[in-house]
Amino acid sequence: MALMELKNVSTYYGNIQALKGISLSVEEGEIVTLIGANGAGKTTTLMSICGITPIRSGQVILDGVDISSISPHKIVSMGLSQVPEGRRIFPQLTVLENLDMGAFLRDNKSLIKADLEEVFELFPRLAERRNQAGGTLSGGEQQMLAISRALMARPRILLLDEPSLGLAPIIVHNIFQIIKRINEERKTTIFLVEQNANMALKIANKGYVLQNGAIKMADSSEHLLVNEEVRKAYLGL
Amino acid sequence: MIHKNLAKELAASALQMVWFIVLLFPFLVMKVSVTAGTALVRFRWGSLPAIAIVSFIASFAWGRALEWNSHRGDKEQKRTPLTPIKEAIAAALARKPIRRVVLLVLLAAVAVYPFALGMYHTNIMITALIYVILALGLNIVVGLGGLLNLGYAAFFAVGAYTYGLLWKFVGPSFVSAGIATGWLFWIALPIAGTIAVVFGILLSLPVLRLRGDYLAIITLAFGEIVRMVLQNSGPVTGGATGISLIPRPWLLGLKLPPKQAATYIYYIVIVLVILTIFVVRRIEDSRVGRALEAMREDEIACEAMGIDLVRNKLSTFALGAFWAGIAGVVLAAQTTYINPDSFTLWESIMVLMAIVIGGTGSIPGAIGGALLLKLLPEYFRPLAQYRILIYGVAMIVIIIFKPDGLFPRNRKKYTFDAQATEPQAGEAQK
């Protein structure tokens, strides 16, 4: 059984239909990526899964439970955590306070502490800056903080929305390596929404191509990487 | 180089002087007197040089001040003659025995205040301290939660009227049963707090999805609605005439003469202020407090972290309203008379101004701001007619030179302490 499954999901902003019956599935332990151009509905898909933008029809199933009408904060407690688009860290809170907010729903302090150390091991830069206000970090560091903050909830599935946004190529490369590491070492399932199709497909097992609010293609990432259409439209080759 | 700059600045000041002369000419030079249907214009040319000199000096000084302000971050200018004194004070306060002595002296000063200065000053101080409670309460909503609330006076009114109405409708049965009416104050305190909380939740329900300007408008309307309702339900609230002869609290079943009663209320309000500071500090340092701050910074990120925004907003408004309700009861007891005019939009703005001047989100800021705004006008009565003007100028000066407020918040460094609590068996969400 898939860990997360979308069945015919439609989402509207007022009268405008942003998602036109999307179906996809993510197996436990996989990295699955959703690629697409600007305005294809990538972020909407993510927000629909999290319950922040409620869906109008269809089903979002997490571990066998329909979560489409459950409020966002409860979904987080069910083991789904997201790194929102544009990082959205809390600029006036310190790095440590940001991370503590990530663990908001947990109360076992020693386990949180262990996770904190694990996260600092993953991103040593954050450990150096633990008492610095989040807003004073560089773009790459903020992205690291956003990922760490989501990890602090100990999710079973981590949703990432364009982690490469506005970052230098070398840093993007780093971030993607770490995403892969999180998947391998922590056995966290990852659902990655990306515009940088090349990078995303290289670390993913499976990919979906989203166009105008509908899934246009679904295949293993090796196949998508060599697919003529994808190469032309999304890889710029 | 310096001369060139100076000449430039002088020229700019001269230009502003001309501008001021033109601007103020109709007000300060021309004087129109209307007698028997004909208007007579008199020109007071004598005041022209005064305008010129004052505006020239003022604009030159303003330019220098702005110049100084823009270089304030520079290292060599960071050290002012005051710096060593400040450092010495900070070093002294950092030592525990000295801090204890300072605290004791402060406490002693607070304790002897009503005896040393008499009833007039005690009453002024009570009013100021009521504002301190209000400012601390609003600080939770605006400073921590980032929700601009312009209807805060409504909760203040709810508190005051809870006591007033209790007196009006329950008081007579107290009198006929022979129970001291002074007890009503103590009964009113928790009831008023509770009712204010209920009103806080009522207000927060329609504004759950609003932020910024919209939130400000709705809360403003809420404040006015509460005042209008109080004003127009005459049979119950006494309408515009309000409720009078509200009893002051009695000391152990003993009715006190006004002077002693003022002293007694002073001590009560001091205890309430200390209680408020204690509670607000606890909130600020807790995870709930940080969640409120997180909500101020980014609502979507909050939802993604599993923070329940609805509960967060409800508790913010409720917590803020509670202290306003308590402050309202004290106000009713102190003045023994309440009417809707004491709870206008102006009151809400005053409290907000106290927070902004003191430093948004800072506890010393809320206290300092409220004391300044309430005490200074009392002691500068002769300038009363310029009060609004002075407020305006003060606000501009503070926003430019001290954007974080007079007593900005010194964020406590958050340290993660795993030893603080015993590890619990099994985690909630695992």
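**Notes on the predicted model**

1. From α5(B) come B:I126, B:I130, B:I133, B:L134, B:L136, B:G137, B:L138, B:I140 and B:V141, and they meet B:T316, B:F317, B:L319, B:G320, B:W323, B:A324, B:I326, B:A327, B:V330, B:L331 and B:Q334 of α14(B). Sorted by class, this contact between α5(B) and α14(B) holds 16 nonpolar and four polar residues, with no charged ones.

2. The geometry of that pair is as follows. Helix α5 spans residues 96–144 of chain B and helix α14 spans residues 309–335 of chain B; their axes come within 7 Å and cross at roughly 170 degrees. Because angles over 145 degrees count as roughly antiparallel, α5(B) is roughly antiparallel to α14(B).

3. Chain B as a whole has 17 helices and two strands. Along the principal axes, its C-alpha atoms fill a box of roughly 75 × 70 × 50 Å. Of the 430 residues in chain B, 34% are buried. Contacts in chain B between residues at least 6 apart in sequence join residues at least 24 apart in 78% of cases.

4. The domain assignment divides chain B into domain 1 (2–72) and domain 2 (106–401). Taken over C-alpha atoms, the centres of domain 1 and domain 2 of chain B are separated by 41 Å.

5. How many residues of chain B are in contact with chain A? The count is 25 residues of chain B against 32 residues of chain A. On the chain B side, the elements that give two or more residues are α12 (287–297) and α13 (299–304). The most comes from α12(B), with five residues. By class, the side of chain B that touches chain A has 13 nonpolar, four polar and eight charged residues.

6. Chain A contains an open sheet of four strands, in the order β2-β1-β4-β5, with antiparallel pairing. The edges are taken by β2 (16–26) and β5 (65–66) of chain A; each has a single partner strand, so one side of each is left without a neighbour in the sheet.

7. Within this sheet, strand β1 (residues 4–13) of chain A runs antiparallel to β2(A) and is joined to it by eight bridges. A:Y13 stands opposite A:I16 of β2(A). Helix α1 (residues 42–50) of chain A lies across β1, β2 and β4 (57–62) of chain A, and runs at about 70 degrees to β2(A).

8. Two residues of chain A deserve a look at the backbone. A:R88 is not a glycine, yet has a positive phi of about 50 degrees. A:R88 sits in the loop between β6 (80–83) and α3 (95–102) of chain A. Is A:R88 buried or exposed? With 21 other C-beta atoms within 10 Å, A:R88 is buried, since the cut-off for a buried residue is 20 or more.

9. The other residue is A:K187, also not a glycine, with a positive phi of about 60 degrees. A:K187 is found in the loop between α7 (169–185) and β8 (189–194) of chain A. A:K187 has 10 other C-beta atoms within 10 Å and is therefore exposed, the cut-off being 12 or fewer.

How values were computed
Residues numbered from 1 in each chain as written. Chains lettered and ligands numbered in written order. Predicted model: local features only at pLDDT ≥ 70, side-chain atom pairs only at ≥ 80, totals over all residues. Contact = placed C-beta atoms within 7 Å. Nonpolar A, V, L, I, M, F, W, Y, C, P; charged D, E, K, R; others polar. Axes fitted to C-alpha atoms, helices over the stretch in contact; angles between N-to-C directions. Parallel < 35°, antiparallel > 145°, perpendicular 65-115°, else oblique. Domains from an automatic or database assignment. Pairing = 2+ DSSP bridges.
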